[in-house]
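Here are my notes for you, written as numbered points. Keep the sequence and the 3D view open while you read.

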Amino acid sequence: MEQQQKVELPIFMRKKHDRDLIMEVLSTVPSQKEAQSYIKRFTIPNKKPPAPTPTPSPIPLETKKSISDVPSTVPESDVQKHNPQLSLTSQKAEFVDSLFATKLEHIALIKIQGPFTSLDLKSIAKTLVHLQQLGLMPIAVLDNDEWKEMLKEGPSRFSELRQWMMEDSSNICEALEDAGGRSTPIQNGVFTLTHDESEESDKKVHRPRLKLRTLSTDVDAKINVSLSWLKTSLKLGHIPLILPIALDGLSIQRTISPNAGMIALSSSLSDLSNATCLNLKTPHLEPMKIIVINSEGGIPSEERKGSHVFINIQQEYEDIKNSYKSNPQWNFTHPTGIENLEMIKTCLEKLPTTTSAIMAPAYSPTGLISNLITDKPLFSSSLPLTAPTTPSTTTTVIRHGMPVLYHNSLSTVNISSLQSLIEASFKRKLDIDNYVARLEKCLELVIVTGDYQGAAIITMEDVEGNKKGNIPYLDKFAVTPNNQGVGIADILWKQLQIRYPNLMWRSRENNGVNKWYFERSNGNYRVPGTHWTMFWYGNDGINGLKAYTEITKKIPASFYCNSR
């Protein structure tokens with residue numbers, strides 16, 4: 001009787017050990033801001049979570065008032081100010097109490113891509129159970145790289161392949177049971193194939209038309225998805241383990257590409273009408289995370305040891321494909337990287353911009369738990385590649401992201417949008433007329449992300465005796481508050497590093513954001529007689545110290561003195 005009661009407990013009616021896990025994870029979160037963000041994402045929308053203790057906000061690159069009077073935000077801050085007077089223990093307890101009141105079922109669509117060792121399976125199972133306890137319901141599609149060889153041999157071995165798939169799902173079920181979880185293998189009733197050639201029909205029902213490899217041939221087919229099993233899974237808290245098997249129009253079972261299954265499921269889950277048809281209580285049915293757990297890890301990087309830390313698909317997708325062509329060894333070390341990236345790209349295109357994806361190796365589950373809490377990579381992708389303190393990773397966080405545009409003249413810049421961005425980021429009133437007048441004389445480049453969610457403004461400065469400005473200066477670096485934490489600052493900083501091997505900027509000496517600058521600079525200098533600390537990266541810093549100091553002193557303020 002006790003066992004039956006345990007099975008039927010809803011996933012989100014968390015028990016004491018679940019609460020203890022959440023408290024343990026929150027205690028390792030780098031900042032209270034990240035803990036608050038996690039709680040906000042998992043709290044009933046019409047219920048306001050407990051207000052956190054206010055932490056001092058970092059200061060913009062450039063201000064005119066004293067630091068005690070100036071509010072600001074750090075772009076993409078992984079900086080934390082520690083105040084010994086503030087205790088977070090009681091507040092985190094309030095956060096967890098708030099989390100326990102939620103009834104939202106957040107979804108993680110996960111591809112489990114074997115083969116795995118028994119230790120890997122144990123690690124995967126423990127991670128999935130922890131994700132579930134932390135408020136993320138896994139829906140898993142099974143894959144195995146070793147299935148591909150049998151697929152090539154045709155339909156004569158379908159029964160053998162199906163048996164292999166069922167054995168794999170049984171092994172994962174057993175590992176989940178050992179880890180304290182529950183799961184249900186599903187081999188029928190999820191996918192069906194149709195071969196209607198009407199494109200108009202596709203447009204009306206928004207179903208993906210995909211090239212799918214079946215056991216017999218490649219066919220131009222549509223995958224239809226039934227979600228009838230989902231309501232039961234959510235109610236019982238069972239993790240569904242979906243086999244990539246579909247019924248065709250003649251009710252014959254065929255294997256489909258697991259990636260095509262992931263795309264079809266993502267499209268179906270993002271259709272809110274499905275939530276209504278299933279009588280689910282939450283409109284938040286679309287996946288919050290797209291996850292690939294495999295043996296090869298994330299997308300390999302040419303720039304750093306290991307994998308890409310973060311990928312902005314809209315900007316980097318084609319470059320990564322070209323990198324694979326330039327590094328043929330990756331086809332052996334990371335043979336499924338590009339096809340997984342293409343699958344993730346297709347999924348993210350139809351999901352909210354807040355949805356992110358992560359590719360992680362089975363032997364390193366820490367990144368999945370950390371990403372759930374922080375919604376960020378394990379570390380910032382804009383940290384200097386050559387710095388001894390910059391770690392490496394085998395886990396890649398991926399977002400659909402936003403395009404990056406470059407303006408060499410103010411004539412192509414939306415001045416009103418740029419002003420709004422700067423004022424929102426710096427929380428101060430810009431002296432726009434004088435600021436624009438200055439930029440017209442010395443502007444080098446404006447880098448804009450998306451629809452002015454972020455921007456970096458670079459000017460070319462001169463010094464005494466040098467009539468032509470030739471020293472690049474980071475005049476403004478801004479991210480709107482609503483878009484902090486989604487990688488924009490890292491995207492901008494990477495573009496700065498690509499285009500400017502030498503760069504300088506300034507910040508008030510007691511600015512909280514300076515830690516972020518210290519980590520990304522090759523040197524800094526506290527300018528005597530001023531409140532500025534000057535930073536630089538690149539080999540010219542030491543030789544250009546005199547010129548850098550002069551520029552730091554002479555740049556005029558760009559905000560009104562009495563602005564708040």
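What is the volume of the largest cavity? Point 2 has the answer.

1. First, some housekeeping. This is a predicted model, in which local features need pLDDT of at least 70 and side-chain atom pairs count only at pLDDT 80 or more, while totals for chains, interfaces and linings use all residues. Residues are numbered from 1 along each chain as its sequence is written, and side-chain values use heavy atoms, with hydrogens and water left out.

2. Now the cavity. The largest cavity has a volume of about 60 Å³. A cavity here is a set of points, on a 1 Å grid over the protein atoms alone, where a 1.4 Å probe fits but cannot get out; lining residues have an atom within 4 Å of a point. Grid points are joined across faces, edges and corners, and a volume is the space filled by probe spheres set on the points. By this rule there are 4 cavities of 30 Å³ or more.

3. Who lines the largest cavity? The residues are V309, I358, G367, N371, K376, P377, L378, F379, T393, T395 and V397. Sorted by class, that gives 6 nonpolar, 4 polar and 1 charged. The sorting counts Ala, Val, Leu, Ile, Met, Phe, Trp, Tyr, Cys and Pro as nonpolar, Asp, Glu, Lys and Arg as charged, and the others, Gly among them, as polar.

4. On to a pocket, which is an open set of grid points with protein on both sides within 12 Å along at least five of seven lines. The second largest pocket holds about 710 Å³ of space. Its lining has 35 residues, and E303, L385, K494, Q497 and I498 lie nearest the centre. The elements giving two or more residues to this lining are β11 (310-312), α12 (313-326) and α18 (488-499). Of these, α18 gives the most, with 7 residues. By class, the lining of the second largest pocket has 13 nonpolar, 13 polar and 9 charged residues.

5. Let's stay with α18. This helix has 12 residues and reaches 17 Å from its first C-alpha to its last, close to the 16 Å expected at 1.5 Å a residue. The expected span is 1.5 Å times one less than the number of residues. Helices (H or I, at least four residues) and strands (E, at least two) are DSSP runs, numbered from the N terminus. In α18, I488, A489, D490, I491, L492, W493, Q495 and L496 are buried, where buried means under 20% relative accessible area (1.4 Å probe, protein chains only), exposed over 50%, and partly exposed in between.

6. Compare that with helix α16 (residues 415-426). Its 12 residues should span 16 Å at 1.5 Å a residue, and the end C-alpha atoms are 16 Å apart, which agrees. Which of its residues are buried? They are L418, Q419, L421, I422, E423, S425 and F426. A handy rule: an α-helix has 3.6 residues a turn, so residues three or four places apart point the same way. The buried residues of α16 pack against α17 (432-442), β16 (454-461) and β17 (471-479).

7. At the start, a side-chain oxygen of N414 reaches to within 3.2 Å of the backbone nitrogen of S416. Just after the helix, K427 takes a positive phi of about 55°.

8. Next, M504, which is found in strand β18 (residues 503-508). M504 counts as buried because its relative accessibility is 0%. M504 and Y473 are 31 residues apart along the chain, yet their C-alpha atoms are separated by 5.1 Å. Leaving out residues up to four places away in sequence, M504 touches I471, P472, Y473, L474, M534, F535, W536, Y548, I551 and T552. Touching, or contact, means heavy atoms within 4.5 Å.

9. T533 lies in strand β20 (residues 532-537). Is T533 buried or exposed? T533 is buried, with a relative accessible area of 6%.

10. Finally, the whole protein chain. It has 20 helices and 20 strands. Of its 564 residues, 55% count as buried. Among contacts with a separation of 6 or more, residues 24 or more positions apart account for 75%.

Note on methods: Polar contact = N/O pair within 3.5 Å; in protein donor to acceptor, adjacent residues only side chain to side chain.
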